[in-house]
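Good morning, and thank you for making time for this presentation. Please have the sequence and the model open while I speak.

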Amino acid sequence: MMNKNLFRKRISRREFCRLCALSGTGLAISPLLMDLLEKSAQASEEKGGKGFINIKEAMFYEKVDNNTIQCHLCPRNCILKNGMRGFCRAREPRNGKHYSLVYANPTAVHIDPIEKKPLFHFLPASTAFSIATAGCNLRCKYCQNWQISQLPPEETSNQYLPPRAVVEAAVKYKCSTIAYTYTEPSIFYEYMLDTAKIAKTSGIKNIYHSNGSLNPNPAEELAQYLDGANIDLKGFSQEFYSKISQGYLDTVLNTIKLLKKKSVQVEITNLIVPPLNDDMKSIRKMCQWIRDEVGRDTPLHFSRFSPTYKLKNLSPTPVKILEEARKIAMRERLQYVYIGNVPGHEGESTYCPRDGKMLIRRIGYKVLENNVVKGKCKFCGTEIAGVWH
Ligand code: SF4
């Protein structure tokens, strides 16, 4: 994360301009934002810094005996003795109680265009106040944010930002949404849930970008406060999940279904990493599953892989593979299929499923034209799935 410590130290106006450019927000430098940065910097000088931990008793666990608990937040269902760290590196039992070690101590705080999540059918061209803590419950070999997701909070720089402060900042800086993102938000569940509850009462919507590895009970509780979600569907075989991410495909599919059933605006991202998950038969099966189980109006993003972390030996995804996948998805009658990480590609834009006209023209994270009016195609009146106002 280029500017993950935005709030940690006092920065000059010039430095902030540089950070904004790096993060690709394209936001004008606002005196208000400068003000927030300076105030937060002062606060974090008092509380926060490298290895700063803030604990809160965890939800969704049971006592096995005086010395042992079982966590039921995610499908790993870790059984842990006092002092042992969960697989996610962010939870630990102490004296017979289970604790989150990442409550209100984010390591990444940014203002992003919502298109960066990516959410393409959710308040286009709006901004999302985005937060993440250290830790993750998967071990993806191509993780883009491994510098924070694959570390415990003791090894990252964290600032103290309690739920109410997150919401106040989002309101003050006119962000329509708060995004729980970058690492796996499920592992900072209590922080996310408390923030989401306050946001709801302040007219701010909640979105999250998740790997979908969350058990049904916590997913159901969270869904009450979520407005939008982008779920990574990393591949369509358990073999891929086991080998590349140490995850469970079934849980991810169940989370997608559950959120959709709870009327959360769900979009799906599939990062295509040749030669690991670019088998077109498997991609076709995934598209059929999406069509049959959650509906063909569910936006699907095929994203381009760039060599990183433990998969630096592989090449970037050829654009023609992404195009082939998109064609397959469209043949399977999915209505909104996108190509990600290829700025300027026609697959970045939204087209009306009825008349084929371009509705939202995008280049990268920028929206250049929007022809969705009151949730309908301006040209033929067809309803377009999403949250538009
Ligand atoms: S959230 Fe963490 S501690 Fe709990 S089951 Fe998942 S990996 Fe284990």
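I shall go from the chain as a whole to its cores, then to individual residues, and finish with the ligand.

Please bear in mind throughout that this is a predicted model. The chain contains 10 helices and 21 strands. Of its 389 residues, 58% are buried. Its accessible surface amounts to about 16400 Å², and carbon and sulfur atoms account for 49% of that area. As for contacts between residues at least 6 apart in sequence, 67% of them join residues at least 24 apart.

Which residues touch the most other members of the largest nonpolar core? That core has 73 residues, and the answer is Phe 129, Tyr 208, Leu 233, Leu 259 and Phe 302. There is also a second, separate core, made up of 13 residues, among them Cys 136, Leu 138, Phe 305 and Leu 314.

Along the chain, Phe 302 and Tyr 338 are 36 residues apart, yet their C-alpha atoms are separated by 6.0 Å.

From strand E15 I move to the loop that links it, at residues 300-304, with helix H10, at residues 319-331; Thr 317 is located there. Is Thr 317 buried or exposed? Thr 317 is buried, because its relative accessible area is 0%. Its side chain reaches the backbone nitrogen of Phe 305 at a distance of 2.8 Å. Phe 305, as I mentioned, is a member of the second core. Setting aside neighbours within four places in sequence, the residues in contact with Thr 317 are Ile 272, Pro 274, Arg 304, Phe 305 and Leu 322.

Pro 274 brings me to the backbone geometry. The peptide bond from Pro 274 to Pro 275 is cis, with omega near 5°. Pro 275 sits in the loop between strand E14, residues 265-272, and helix H9, residues 280-294. Another cis peptide bond runs from Lys 117 to Pro 118, with omega near -5°. Pro 118 is likewise a loop residue, placed between strand E8, residues 108-113, and strand E9, residues 127-132.

For Asn 95 the value is about 50°, and for Ser 263 it is about 65°. Asn 95 is in the loop between strand E6, residues 91-94, and strand E7, residues 97-100. Ser 263 is in the loop between helix H8, residues 249-261, and strand E14.

Finally, the ligand. Which residues are around it? They are Cys 71, Leu 73, Cys 74, Arg 76, Asn 77, Cys 78, Gly 86, Phe 87, Cys 88 and Arg 91. By class, this shell comprises 6 nonpolar, 2 polar and 2 charged residues.

That concludes my presentation, and I welcome your comments.

Key
Residues numbered from 1 in each chain as written. Predicted model: local features only at pLDDT ≥ 70, side-chain atom pairs only at ≥ 80, totals over all residues. Heavy atoms only, no water. Helix = DSSP H or I, 4+ residues; strand = E, 2+ residues; numbered from the N terminus. Buried < 20%, exposed > 50% of the residue type's maximum accessible area, 1.4 Å probe, protein only. Polar contact = N/O pair within 3.5 Å; in protein donor to acceptor, adjacent residues only side chain to side chain. Contact = heavy atoms within 4.5 Å. Near = heavy atom within 4 Å. Nonpolar A, V, L, I, M, F, W, Y, C, P; charged D, E, K, R; others polar. Areas by Shrake-Rupley, 256 points an atom, 1.4 Å probe, with all protein chains shown as cover. Core = buried A, V, L, I, M, F, W, Y, C linked by side-chain atoms within 4.5 Å.
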